[in-house]
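Reader: Could you take me closely through the salt bridges of this model, and then through whatever surrounds them? I would like the terms spelled out as you go.

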Amino acid sequence: MKKILSIALIGTSMFASAQISLAGKANLIFPTGSPSWSNSVNTVNSALEQKGKNNVGFNLGLSLKVNLPMAFFLMPEVYYTTFKNEFTDSSSNTTFDIKNNRIDVPVLVGHKVLGDMLGVFIGPVASYNLSKEDTFNDFRENARDNFTVGYQFGAQVEIKKFLINAKYEGAFSKDQRSFINRVSGESVLYDNRPNLFIVGVGYKF
């Protein structure tokens, strides 16, 4: 019992003495494929050439950074995220312009590579879907999964109070949606949790 109490007291004192900072962040979001550097660059270039049409979203939120021993840190965040996906069903020749509005809660663990100036991080992200059901020609959308889970990894640069961050998001679970033809009853399935390349800026309060 004494050992447990001692560990609890040590943990409490470490957390109380930890340096904690809060930041506001804003990011651009690019649906992408694999997490390679060349693929991310091609995704951004394509979005710029198309002036962001249909494939660039954004998120806004808050980020809490808690410094831990041995140059580690914990970084829980919360965002409002919105972006669009577009795909065409070949059998019906219908284009679906799918909206994605959700609340994202990443819980990231990182390590300081160059002190506070540069850190890398990785961790899970939980998402709650806020999107309403849309219609496309004769099709009605049915969003099956309100709650999905993914993962993120990336890096963050701190210059005094200003932050620059870039990260990749993949999916552990699907955002499975079906589009049902109101006339024929035909159903088209689609996973609306794509991989994302996220880049943005922040400011420490």
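Author: A salt bridge here is a side-chain nitrogen of Lys or Arg within 4 Å of a carboxyl oxygen of Asp or Glu. Side chains of opposite charge can pair when their charged atoms come close. By that definition, the structure holds seven salt bridges.

Before the individual pairs, a word on the basis of the values. This is a predicted model, in which local features need pLDDT of at least 70 and side-chain atom pairs count only at pLDDT 80 or more, while totals for chains, interfaces and linings use all residues. Residues are numbered from 1 along each chain as its sequence is written, and side-chain values use heavy atoms, with hydrogens and water left out.

The protein chain has two helices and twelve strands, where helices (H or I, at least four residues) and strands (E, at least two) are DSSP runs numbered from the N terminus. Their order from the N terminus is α-β-α-β-β-β-β-β-β-β-β-β-β-β.

One of the salt bridges joins the side chains of Arg102 and Glu169, at 2.6 Å from N to O. This pair links distant parts of the chain, since Arg102 belongs to strand β4 (residues 94-112) and Glu169 to strand β9 (residues 162-171), 67 residues apart. Buried means under 20% relative accessible area, exposed over 50%, and partly exposed in between, with a 1.4 Å probe and protein chains only. Arg102, at 3% relative accessibility, is therefore buried, and Glu169, at 1%, is buried as well.

Another salt bridge brings together the side chains of Glu158 and Lys204, at 3.3 Å from N to O. Because Glu158 lies in strand β8 (residues 147-159) and Lys204 in strand β12 (residues 195-204), the pair ties together parts that are 46 residues apart in sequence. Glu158 has a relative accessibility of 9% and counts as buried, and Lys204, with a relative accessible area of 19%, is buried too. Salt bridges that share partners also join Lys25, Glu77 and Lys167 into one network.

In the bridge between Lys112 and Asp116, the side chains meet at 2.9 Å, N to O. Here Lys112 counts as buried at 16% relative accessibility, whereas Asp116, at 39%, counts as partly exposed.

A cavity is a set of points, on a 1 Å grid over the protein atoms alone, where a 1.4 Å probe fits but cannot get out, and its lining residues have an atom within 4 Å of a point. Grid points are joined across faces, edges and corners, and a volume is the space filled by probe spheres set on the points. The whole structure has three cavities of 30 Å³ or more, and the largest cavity holds about 60 Å³ of space. Strands β1 (20-32), β2 (57-67) and β8 each supply at least two residues of its lining.

Contact means heavy atoms within 4.5 Å. Leaving aside neighbours within four places in sequence, the contacts of Thr81 include Arg102, Asn101, Asp104 and Phe58.

Key:
1 Å grid on protein atoms, 1.4 Å probe; cavity = no way out; pocket = protein on both sides within 12 Å on 5 of 7 lines; lining within 4 Å.
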